[in-house]
Amino acid sequence: MPPKVVFPDTADTVAKPATNGKTKHHKPKQDHRALAHRLRGQRESLPIFTARNAIIQQVRQHPTVIVVGETGSGKTTQIPQYLLESGFGTTAITQPRRVAATSIAKRVAEEVGTPLGGRVGYTIRFEDCSSDKTQLRFCTDGLLLREILSDPLLRRYEVVILDEAHERTLRTDILLGMLKDIQRERKRVAELNQQVPDAYFEEEEVSYRDHRSHGTHVTFDEPEEEPVQPEAVPSVIDNVHGDVTGIGELKIIVMSATLDAERFSAYFDSAPILYVAGRQFPVTTYYTTTPQADYLDAAHLTALQIHTETPSTSGDILVFLSGQEDIENVEKLLRDSAASFPPGVPALLPCPIFAALPQSQQSQVFDPAPEFTRKIILATNIAETSLTIPGIRHVVDSGVHKVRGFDPRVGESLLVEPISKSSARQRTGRAGREAAGFCYRLYTESDYAQLAEDSIPEIKRCQLSMVVLQLKAAGVTDVMQFDFMDRPSKKALKHALLELYALDALDDRGELTALGRWMSEFPLEPSYSKVIYASQKAGCTREAIDIVSLLSVDSLFYVPADKREESNAAQAVFRSTEGDHLTFLNLLRAYNKVNGDREWCQEHFVNRRNMKHVLDVRLQLNRLCARLELDTERSCGTDLDAVLKCFLSGFFHNCALLQPDGTYRSLNGSQAVHVHPGSSMFAKKTPAIFYDQLVFTNKLHARAVSAVDPMWIAQASPKLYGRLNTTA
Ligand code: CDP
Ligand code: MG
């Protein structure tokens, strides 16, 4: 018998049969209208419905409105529809995560009663499901940022909704600043537009504003002078060119699930805050009596306990874990346990949900479980506030999440860290959406007391090179003066500028180079776009794109704890002596040969789910490169050194040299760097390595590591390492 995870006083409480908390969930049908009709009742019973008119009125009256409401109150799905119904123009709704953008768009399309991609659509990195007709466009915050590059005033939108603003992702924070500026600029242009037409279009006998309000398209003769050009008012955005007629003001709605909305309001010149009442049933919370050594084991056992000790009709279980790897481990543990259930125990269905989950596998989380089966949803903090999963009555909270961090001395890192109290409360709240529920915290009460009140905004702890590149490309010349809601440290900004300079994306005056502009076209960290750029000259673009795509997922292999050796042996066929980058390339080539065959993947412990994602990314990158007139078929065949050199031209800051004592030290910070045990370079010693990223578990681990000639490093970045004596 596996040891039990002990929570005080749970036995009798948990065993009580509870009422069935499941709501009916509909599958999309062809008959869109009928479905929408059926969903209307649900829509109107949401807490936000009573606030409908007040919201619309506030949005009409104020340029910016802040909406605060409990998760599940209807902010994301309803407010965009209210705008649509009230005659507002095209609206963008940003989400920090892809899965949220796609699944919510799907739901809203059902409620509106149109096929997805019609009036309601979504656009996320590497995937566009929208059309000219799309009036409600759900997208990721990163995507809207990219849109500013091609449409600096976001003229195609009348309203932008920044959803999940409380999460304070890096991109949401940058968007806040950009949108504030765009709003100011559009107001100015709109006012100019209102002054100009009378004098200008008198002879045409049509009032310019009439045309605008009817949305018809009228072509006017070219004016001899240029009356409508905005005058040079100081603005951070400095690249608004071309025709500015027909631009109206931009409405901004900031939505948050936590109460600290005053800061958003202050940032937007005292914008009104609307509080939407929530609906929350009581949740009984349990802590463990002792700290848990292994939260994955604890999560697995707790979920099993709940499943076996409460009737399966007492609601589904939602388990919060730190990331895809955790989720897949627990998924496997649960499947193994379920395989040996004695007769009479209902079946359980583990349903993973995380940001990189392919579209095709997302819907099972929302679909009802088959009869006599209980769903156990394994989620990252994506299920904290952005997704509403019906039927949950039990929450298991591991107390951890994955946090991107950055330290200029060591580079980017991805750390598993304790959550904040605010997150813990949100997680608990998920159990009480439909009826009274239960939350099992896999940590002690005194550990809870030690948690930070809130998480630190990402912008304060992240690598900024990608957003600085985007700011520069959007015309923000002085990023130090940008109106950040929370200002990142000078040091971090300078580091980003320096890195972009080293990558040749900025020149010595800090201005964007032609290469920098080119790199900003890619929805990738600048290091990767630099690799792709270098690959053209080196004649290995095909391989570069392949490897960049392969690096876009957490893990390409499954390494079950009990089959480590077996899986290692099976992977050996792909292994390249030069390290992981080329090993991954071998894997992709072999995978393509067998067409991603399911059994082949099982035999070789290949993560098929992630390989599919890799192929998606590769397809989109190929398209983008073709659009930029790159020859994507340029291949170096067997001369694979060329590929590694290309990678160095983007990753020279992620290098480490072998020391006499047999350890590696990073070149730019002299930090001890350990090769990850999963790497093909784990047991090898080679004079120099470069790596894709550093992950801190119990020590600093380099992931995706390859061996390189130390001389190549100096060649890759003469600006940084020009005088470095790497031959010593
Ligand atoms: O954004 P907020 O957390 O305020 O709520 P929402 O995402 O708009 O969800 C409102 C309600 O819609 C939820 O309480 C669910 O009842 C329902 N919903 C659903 O049933 N299925 C979905 N895929 C999304 C929402
Ligand atoms: Mg929401």
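Reader: How many nonpolar, polar and charged residues does the shell around ligand 1 have?

Author: This is a predicted model, and in it the shell around ligand 1 has 3 nonpolar, 10 polar and 2 charged residues.

Reader: And which residues come nearest to ligand 1?

Author: There are 15 residues around ligand 1, and those that come nearest are Gly72, Lys75, Thr76, Thr77 and Arg107.

Reader: Which helices supply at least two residues of that shell?

Author: Helix α4, which covers residues 75-85, and helix α5, which covers 98-112, each supply at least two, and the largest share, 4 residues, comes from α4.

Reader: Let me step back a bit. How many helices and strands does the protein come to?

Author: The secondary structure comes to 26 helices and 21 strands. The protein has 728 residues, of which 45% count as buried. If you take the contacts with a separation of 6 or more, residues 24 or more positions apart account for 75% of them.

Reader: What happens just after α15?

Author: Just after that helix comes glycine 475, which takes a positive phi of about 100°.

Reader: Where does α16 come in, I mean how is it placed against α15?

Author: Helix α16 covers residues 490-502, and its axis comes within 9 Å of the axis of α15, with a crossing of roughly 75°. The two helices are therefore roughly perpendicular to each other. Ser465, Val468 and Leu469 of α15 make the contact with Leu493, Ala496, Leu497, Glu499 and Leu500 of α16. By class, this contact has 6 nonpolar, 1 polar and 1 charged residues.

Reader: How far apart in space are glutamate 603 and alanine 496?

Author: They are 43 Å apart, C-alpha to C-alpha, and 107 residues apart in sequence. Glutamate 603 belongs to helix α22, which runs over residues 598-603.

Reader: Why is glutamate 603 exposed?

Author: Glutamate 603 has 10 other C-beta atoms within 10 Å, and a residue counts as exposed if that number is 12 or fewer, so glutamate 603 is exposed.

Reader: Changing topic, what is the phi of arginine 168?

Author: Arginine 168 has a positive phi of about 50°, although it is not a glycine. In general, most residues other than glycine have a negative phi. Arginine 168 lies in the loop between β6 (159-162) and α7 (170-201), and it counts as buried because it has 21 C-beta neighbours inside 10 Å.

Reader: And what about phi of glutamate 629?

Author: Glutamate 629 also has a positive phi, near 65°, and is a residue other than glycine. It lies in the loop between α23 (608-627) and α24, and with 7 C-beta neighbours inside 10 Å it counts as exposed.

Reader: Last one: how do α18 and α24 pack?

Author: Helix α18 (residues 526-538) and helix α24 (residues 641-651) pack at an angle of about 140°, with axes 7 Å apart, and they are therefore oblique to each other. The crossing is right-handed. The residues of their contact divide into 8 nonpolar, 4 polar and 2 charged.

Key. Residues are numbered from 1 along each chain as its sequence is written. Chains are lettered from A and ligands numbered from 1 in the order in which they are written. This is a predicted model: local features need pLDDT of at least 70, side-chain atom pairs count only at pLDDT 80 or more; totals for chains, interfaces and linings use all residues. A residue is buried if 20 or more other C-beta atoms lie within 10 Å of its own, exposed if 12 or fewer, and partly exposed in between; C-beta atoms are placed from the backbone. A residue is near a molecule or strand if its C-beta atom, placed from the backbone, lies within 6 Å of it. Ala, Val, Leu, Ile, Met, Phe, Trp, Tyr, Cys and Pro count as nonpolar, Asp, Glu, Lys and Arg as charged, and the others, Gly among them, as polar. Axes are lines fitted to C-alpha atoms, for helices over the stretch in contact, and angles run from 0 to 180 degrees between N-to-C directions. Angles under 35 degrees count as roughly parallel, over 145 as roughly antiparallel, 65 to 115 as roughly perpendicular and the rest as oblique. A crossing is left-handed if the near helix is turned anticlockwise from the far one by less than a right angle, and right-handed if clockwise. Two residues are in contact if their C-beta atoms, placed from the backbone, lie within 7 Å.
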